[in-house]
Amino acid sequence: MAITTLPYPNMDFVPLDVLTADELDQIVANIDAINNASIPTDSIANSAIITAKLADDSVTSDKIDWTTLTGASWPAVNADASNSNINSDAWYNQYDYSVTVTGVYLCLFTQRMTDGSNGYDLQLQISHGSDSVNIGAGGSSWVNYIPGTVFAVFKAQAGDSFIFSSKGGGSGAHHTQNGKVSIVRLY
Amino acid sequence: MNTLELNRVAIWKPKLTDGFSVRESASGRVAYKDKIAYRTNAKTYRYAKNYELGKGKTKTKICLFYVTYESDAKEAEKFLDKTAKKIDVATAQQAVIGSTDTSFEYLDIYKENK
């Protein structure tokens, strides 16, 4: 069985100490215990070395086996997520999502506009308080359906709302439809 | 250079671990008494322990140790604990500043043989 501490812990010396051959051997045994991975029974056991003893830059992602990494420290992806379809033929749509858990959220919003034609824009917005992300799509080419997608990352407190709104604008009101809203809490 | 004087308490910078530690040595070590050298005729024991003196900015950590023929480790630790209470912070700070890996200061405190 691997050892959980050095074979000879707490060695210390003061002036006038005379080191015997036995003590020197103990020091060597301590060094071997750290070094000698080829003899598992003599080496340091798993979890015997705490992370505070590791230099930050010695911990690199290439040392991680992602297939066996346990999930305890993973971000709670999908822990608080919503994935809703917006099927509407109104020219203006709004979808409000109220956050129940404080965290950082990835918000995705996609929508398309029917009868997209030259000069008619699809406008999408995701807002959280005074923060908002907007795009306008279409308007420059003759297409039947103008699609648009917008995404945003917001830090939100429990009780905050995200507002997803779409408009089929231009010189006249055009319908928006077949949209989708996704909200995923990253951590 | 510091020489070995049995039963005389020395003050040094803190050792690697804070706890009480003991180290045995075989007989035949060269020790001094009244500047006269002799050889120890039995096994000797070195007892050492770290202590923290003072508070706040004056807080100083030191190591007290001594070498003796006496093998009673419990008695030795008690003696060191009692001795640590007698040392003032200024003396401790001075000793730590002057300490190197090999040099230390003897105090005028002696462990009396039983």
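Of the 114 residues of chain B, 43% count as buried in this predicted model. The accessible surface of chain B amounts to about 6700 Å², and carbon and sulfur atoms account for 51% of that area. The secondary structure of chain B consists of 2 helices and 7 strands. Read from the N terminus on, these elements follow the order β-β-β-β-β-β-α-α-β. Among the contacts in chain B that join residues at least 6 apart in sequence, 69% link residues at least 24 apart.

Individual positions in chain B give this outline some detail. Asn7(B) belongs to the segment before strand S1 (8–12) of chain B. Its phi angle is near 70 degrees, a positive value in a residue other than glycine. Asn7(B) counts as buried because its relative accessible area, 10%, falls under the 20% cut-off. A positive phi is also found at Lys35(B), where the angle is near 65 degrees, again in a residue other than glycine. Lys35(B) sits in the loop between strand S3 (30–33) and S4 of chain B. With a relative accessible area of 81%, Lys35(B) is exposed, whereas Asn7(B) is buried.

The surroundings of Thr40(B) can be listed: apart from neighbours within four places in sequence, Thr40(B) is in contact with Leu6(B), Ala26(B), Ser27(B), Gly28(B), Arg29(B), Ala31(B) and Tyr69(B).

A further buried position is found in a helix. Ala95(B) is part of helix H2 (residues 89–98) of chain B, and its relative accessible area of 2% places it among the buried residues. When residues up to four places away in sequence are not counted, Ala95(B) touches Ile11(B) and Glu105(B). The C-alpha atom of Ala95(B) is separated by 9.9 Å from that of Leu107(B), which is 12 residues apart from it along the chain.

The description now turns to the interface with chain A. Here 20 residues of chain B are in contact with 10 residues of chain A. The area buried between the two chains is about 1200 Å², with 57% of it given by carbon and sulfur atoms. Within chain B, the residues that lose the most area to chain A are Thr17(B), Arg23(B) and Arg29(B), and together they supply 41% of what that side buries.

One salt bridge is formed by the side chains of Asp12(A) and Lys15(B), at 2.6 Å from N to O. Which elements of chain B give two or more residues to the side that touches chain A? They are strand S2 (21–25), S5 and strand S6 (60–68) of chain B. The largest share of that side, 3 residues, is provided by S2(B).

Gln111(A) is located in strand S3 (residues 103–114) of chain A, and at 2% relative accessibility Gln111(A) counts as buried. What does the side chain of Gln111(A) contact? It makes a polar contact with the side chain of Ser166(A) at 3.1 Å. The side chain of Gln111(A) also reaches a backbone atom, the nitrogen of Gly179(A), at 2.7 Å.

Elsewhere in chain A, Ile49(A), Leu54(A) and Val59(A) make a nonpolar surface patch of about 270 Å². Val59(A) is placed in the loop between helix H1 (21–35) and strand S1 (82–86) of chain A. Val59(A) counts as exposed because its relative accessibility, 54%, is over the 50% cut-off. Chain A thus provides both cases: Gln111(A) is buried in a strand, and Val59(A) is exposed in a loop.

Technical notes: Residues are numbered from 1 along each chain as its sequence is written. Chains are lettered from A and ligands numbered from 1 in the order in which they are written. This is a predicted model: local features need pLDDT of at least 70, side-chain atom pairs count only at pLDDT 80 or more; totals for chains, interfaces and linings use all residues. Side-chain values use heavy atoms; hydrogens and water are left out. Patches are made of residues with over 30% relative accessible area and no salt bridge: like charges are joined within 9 Å, nonpolar side chains (Val, Leu, Ile, Met, Phe, Trp, Tyr) within 5 Å. Accessible areas come from the Shrake-Rupley method with a 1.4 Å probe; for residues, only the protein chains shown count as cover. A salt bridge is a side-chain nitrogen of Lys or Arg within 4 Å of a carboxyl oxygen of Asp or Glu. Helices (H or I, at least four residues) and strands (E, at least two) are DSSP runs, numbered from the N terminus. Buried means under 20% relative accessible area, exposed over 50%, partly exposed in between (1.4 Å probe, protein chains only). Contact means heavy atoms within 4.5 Å. Buried area is the accessible area (1.4 Å probe) that two parts lose on being put together, summed over both. A polar contact is a pair of N or O atoms within 3.5 Å; within protein, one must be able to donate a hydrogen and the other to accept it, and residues adjacent in sequence count only if both atoms are side-chain atoms.
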